[in-house]
Amino acid sequence: RQAFQLKNISTKPSRLMDLIVNSLYSNKEVFLRELVSNASDALDKLRFLSVTEPDLLKDAVDLDIRIQTDKDNGIITITDTGIGMTRQELVDCLGTIAQSGTAKFLKALKESKDAGADSNLIGQFGVGFYSAFLVSERVEVSTKSPKSDKQYVWEGEANSSSYTIREETDPSKHIPRGTRLTLYLKRDDKGFAHPERIQRLVQNYSQFVSFPIYTWQEKGYTKEVEVDEDPAEAKKDDQDEKTEPKKKKTKTVVEKYWDWELTNETQPLWLRNPKEVTTEEYNEFHKKTFNEYLEPLASSHFTTEGEVEFRSVLYVPSIAPTAKDDIVNPKTKNIRLYVKRVFISDDFDGELFPRYLSFIKGVVDSNDLPLNVSREILQESRIVRIMRKRLVRKAFDMILGITMSENRDDYARFWENFGKHLKLGCIEDRENHKRIAPLLRFFSSQSEEDMISFDEYVENMKPDQKDIYYIAADSVTSAKNAPFLEKLVEKDIEVLFLVDPIDEVAIQNLKSYKEKNFVDISKEDLDLGDKNEEKEKEIKQEFGQTCEWIKKRLGDKVASVQISSRLSTSPCVLASGKFGWSANMERLMKAQTV
Ligand code: ADP
Ligand code: MG
């Protein structure tokens, strides 16, 4: 037996323990989630490595997790048949707090404290192995790696900053492969060793772990047993009902026994038939998979067949990503890629979704990719390109679905959070203009409060109107007061108000919608189809000299001074040249260079 000190970079272990215990006090039960997720990770690693080293599976044991409770003594054991740990790995993984999930937890704890988050939120972060000490006095980790022929035991106590490692010499405690954790619960926490409580916790926290989790449960079945008749009773019966034939008496007894019971849903959600999955289950899966606490705005579950076969569940989250992982930094871990149910990676940078759609979350499971798929393969693969195309299409269908939701607020919410992303899509993804355009929303001269779609605009066009008119400004108020608008308002022609700086560039990239061009009403040659040549000639004659005089006075400050028919009440307006920047663009460019 050898004793070690816990290694940690910044915080003393005892203080660290206090921190964890205090901040999670009302949330102690997360220990089970953490330990089960470590077991599941260990099984995942084994399954992944066994693809190239089938020998790893030679100790023919099933890949599963088994949780046994001893309620009289307050002991829980969690056994997995995963990758296990060598002696060195025990030292490295469990002896260095800063390296484990605990360090991540501390960071998250600090960040969320700064943000004033409550402990419920904190409970969503990975606390890691050390959460075992939330409820345990003493923890034993007995583990056997396929890389080693010996089994080792790590032992640590809640109130100590040291641990020991010894070889497991008792053959009755040997396991073929994997890890067995034994938790000796604190006096006040022995209640966790109740089999029903463990079962509930597994169902609550680890429902979607993709390996079977068995819990050791007391079961019973009833059976009828014949009983010897009480002679007095029999006599009484005889007298009462003389005509009844004599029956043998039986009694129902319950036979009790203990057995393993499958406690989680092992089939991953995406493999199930979409018709049989409820919205609640999709929402729950979203929460568990992405550590989310809000329900998604929409989800989509589909299978594609043919050229490339894969299954996927996608989500539109209900809030925009935080500043950390926004559009500019699309490495969001939002898409989890599986190959034949084996988790491969969630580290993507545009391979499966273009960056403007990086807010879409989901899982993708393919049967066509190799299990040892690397980043290079992902980037070059024709299969991945086809997958990406389909995923993008499905994502747009899903978003379009929100526009048809009974609850109008849903799309307003989507637009508020992800409108910018779609506008970026207008600039970056020409190929999908047809899918993006119907999803865009703008205020207009006839709808200053509720945003409208292009379809609504087109619906409202005058019979002889050919173009879609817009004006870019820095707010609805300034758009509304622009002199350019007068004539169109007078003619009852609707004008879109582009008030977000990116709007104008986005629309210019689209160029047209349903064969109607976008026309900036602040540009020089706006043609409303109402030219009266006679009258114009007259006016030109009358005011020609005035124009010349104004041009002379203003000199280089303007390109030209022209007679216009586009105003109704204002005497004059400053307009942009046909080929120049609009005033709004000019403002933008200036803002960028200053
Ligand atoms: P994390 O899971 O975030 O890495 P943890 O504190 O939960 O952090 O676990 C620390 C490390 O200990 C894991 O990364 C893993 O290497 C090792 N470990 C924990 N539990 C097991 C297990 N059941 N089987 C194999 N390795 C494990
Ligand atoms: Mg962990």
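Helices H11 and H16 cross in a left-handed way, meaning that the near helix is turned anticlockwise from the far one by less than a right angle (clockwise would be right-handed). This is a predicted model, where local features need pLDDT of at least 70, side-chain atom pairs count only at pLDDT 80 or more, and totals for chains, interfaces and linings use all residues. Residues are numbered from 1 along each chain as its sequence is written, with chains lettered from A and ligands numbered from 1 in the order in which they are written.

**H11 and H16**
- The axes of H11 and H16 (residues 503–510) come within 8 Å and cross at roughly 45 degrees; axes are lines fitted to C-alpha atoms, for helices over the stretch in contact, with angles from 0 to 180 degrees between N-to-C directions.
- That angle makes H11 oblique to H16, since under 35 degrees is roughly parallel, over 145 roughly antiparallel, 65 to 115 roughly perpendicular and the rest oblique.
- H11 brings Lys-423, Cys-426 and Ile-427 to the contact, and H16 brings Asp-503, Val-505, Ala-506, Asn-509 and Leu-510; contact here means C-beta atoms, placed from the backbone, within 7 Å.
- By class, that's five nonpolar, one polar and two charged residues (Ala, Val, Leu, Ile, Met, Phe, Trp, Tyr, Cys and Pro are nonpolar, Asp, Glu, Lys and Arg charged, the others, Gly among them, polar).

**H10 and H11**
- H10 (residues 382–403) packs on H11 (residues 408–428) at about 130 degrees, with the axes 7 Å apart, so H10 is oblique to H11 too.
- Ile-399, Ile-402 and Thr-403 of H10 meet Asp-410, Tyr-411 and Phe-414 of H11.
- Four nonpolar, one polar and one charged residues make up this contact.

**Cores**
- The largest nonpolar core has 67 residues, and Val-364, Ala-395, Tyr-470, Ile-471 and Leu-496 touch the most other members; a core is a set of buried Ala, Val, Leu, Ile, Met, Phe, Trp, Tyr and Cys residues joined through C-beta atoms within 7 Å.
- H10 supplies the largest share of this core, eight residues.
- Apart from it lies another core of 42 residues, among them Ala-39, Ile-83, Ala-132 and Ala-193.
- Beyond its neighbours within four places in sequence, Tyr-470 is in contact with residues including Val-495, Leu-496, Ile-507 and Phe-518.

**The whole chain**
- The chain has 18 helices and 20 strands, taken as DSSP runs numbered from the N terminus (helices H or I, at least four residues; strands E, at least two).
- Buried residues make up 32% of the 594 in the chain (buried is 20 or more other C-beta atoms within 10 Å of a residue's own, exposed 12 or fewer, partly exposed in between, with C-beta atoms placed from the backbone).

Definitions and conventions: Two residues are in contact if their C-beta atoms, placed from the backbone, lie within 7 Å.
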